[in-house]
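Work through the exercises below with the model open. Each task is followed by a solution in steps.

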Amino acid sequence: MLDQLRRMAVLATVVEQGSLVAAARQLQTTTSAVSQQLRALERDMGVTLLHRSTRRIGLTPAGERFVQGCQAMLAAARDAQTQLHHLRDAPEGELRISAPVGAARQIGPSLAPLLAANPGMSLHLEVDDGFTDLVAKRIDLAVRFGRLPDSSWVAQRIGQRTVGLYAAPAYLARRGVPTSMSDLTRHDWVFLRSDTGAIRSLSMVGPEGREEVLRVSPRASSNNQLSLQQFCEAGIGLALLSAEDVDESLAQGRLLPLLPGWSLPTLPVYVMTPQRDAQPAKVRHAIDALAHAFAGAASSTSSTTAASVA
């Protein structure tokens, strides 16, 4: 079938160009190769399609009817190719993004200029702190924090998040303010839910540069970062929260940072795509916009309090 379609395209090109020589030049092949394709097509169809001479060609009655379908097929193929090139070069169509709750509020502001500049482009955002089935959801681009699961998708680091240790003033008034790593063992904790067990390892580097590791068990947990912050603000326990998410809570006094002077690893931010090469324009432009946004957020956030959970 593919050989037949190729020969039909050759016939349409010969008629379009007016000669075998011009068609061969257009197809970047030899005149003899074009002639062979036409003879094979006539043999397969069982009918003569062209009258040939050294100076001109002419369609038979059967060829005149058959070539109309060949020309329509070739035009459809060219139109499909043009549309594909347009998708590659100009952002359009629906962009489907998956992101955790902690990243969701940056997606809109990051991509608003891209959407405004490209009326043919639309956006759908799937927000989930769990591991979404990216293929089933037809996701074009996923934003992920921290350690990545094993996947065939391609990950590209675009920034980092500072994660700090926070508590509500009411909790600290009731339980006291921790001033050292050893104090933290006497406090309640809230954590993101993990499938690896309840005990968590918290790694922190003190003012003298010495790393200390603390193992803690959560009093409350959730699979949602926003719920985790609400638990903390309600006074249930200490929490590791993204500094970018708590600026309003800090300004309004709902949360207080703990252990100033301790430095802790930042949380890497990745974008994941189904393949590395041949990305459509909507994906390439979205990655650029998100990388700019997350890099800017990282540079504007203080790195004096951050945390890493294993």
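**Exercise 1.** Does arginine 210 count as buried, partly exposed or exposed, and at what relative accessibility?

Solution. The model is predicted: local features need pLDDT of at least 70, side-chain atom pairs count only at pLDDT 80 or more, and totals for chains, interfaces and linings use all residues. Residues are numbered from 1 along each chain as its sequence is written, and side-chain values use heavy atoms, with hydrogens and water left out.
- Step 1: take the classes, where buried means under 20% relative accessible area, exposed over 50%, and partly exposed in between (1.4 Å probe, protein chains only).
- Step 2: arginine 210 has 57% relative accessibility, so this residue counts as exposed.
- Step 3: its salt-bridge partner is glutamate 212, at 3.4 Å, N to O; a salt bridge is a side-chain nitrogen of Lys or Arg within 4 Å of a carboxyl oxygen of Asp or Glu.
- Step 4: glutamate 212, at 25%, counts as partly exposed.

**Exercise 2.** Find the salt bridge between aspartate 188 and arginine 175 and classify both residues.

Solution. 
- Step 1: aspartate 188 sits in the loop between α7 (181–184) and β8 (189–192), and arginine 175 in helix α6 (residues 169–175), 13 residues apart. Helices (H or I, at least four residues) and strands (E, at least two) are DSSP runs, numbered from the N terminus.
- Step 2: aspartate 188 is buried, with a relative accessible area of 17%, whereas arginine 175 is partly exposed at 34%.

**Exercise 3.** Which parts of the chain does the salt bridge of arginine 105 and aspartate 247 tie together?

Solution. 
- Step 1: the N to O distance in this pair is 3.7 Å.
- Step 2: arginine 105 belongs to helix α5 and aspartate 247 to helix α9, so the bridge ties together parts 142 residues apart in sequence.
- Step 3: arginine 105 is partly exposed at 45%, and aspartate 247 is partly exposed at 43%.
- Step 4: the search of the whole structure gives 16 salt bridges.

**Exercise 4.** How many residues does α8 give to the lining of the second largest pocket?

Solution. 
- Step 1: the lining of this pocket has two nonpolar, five polar and six charged residues. Ala, Val, Leu, Ile, Met, Phe, Trp, Tyr, Cys and Pro count as nonpolar, Asp, Glu, Lys and Arg as charged, and the others, Gly among them, as polar.
- Step 2: α8 gives the most, with five residues.
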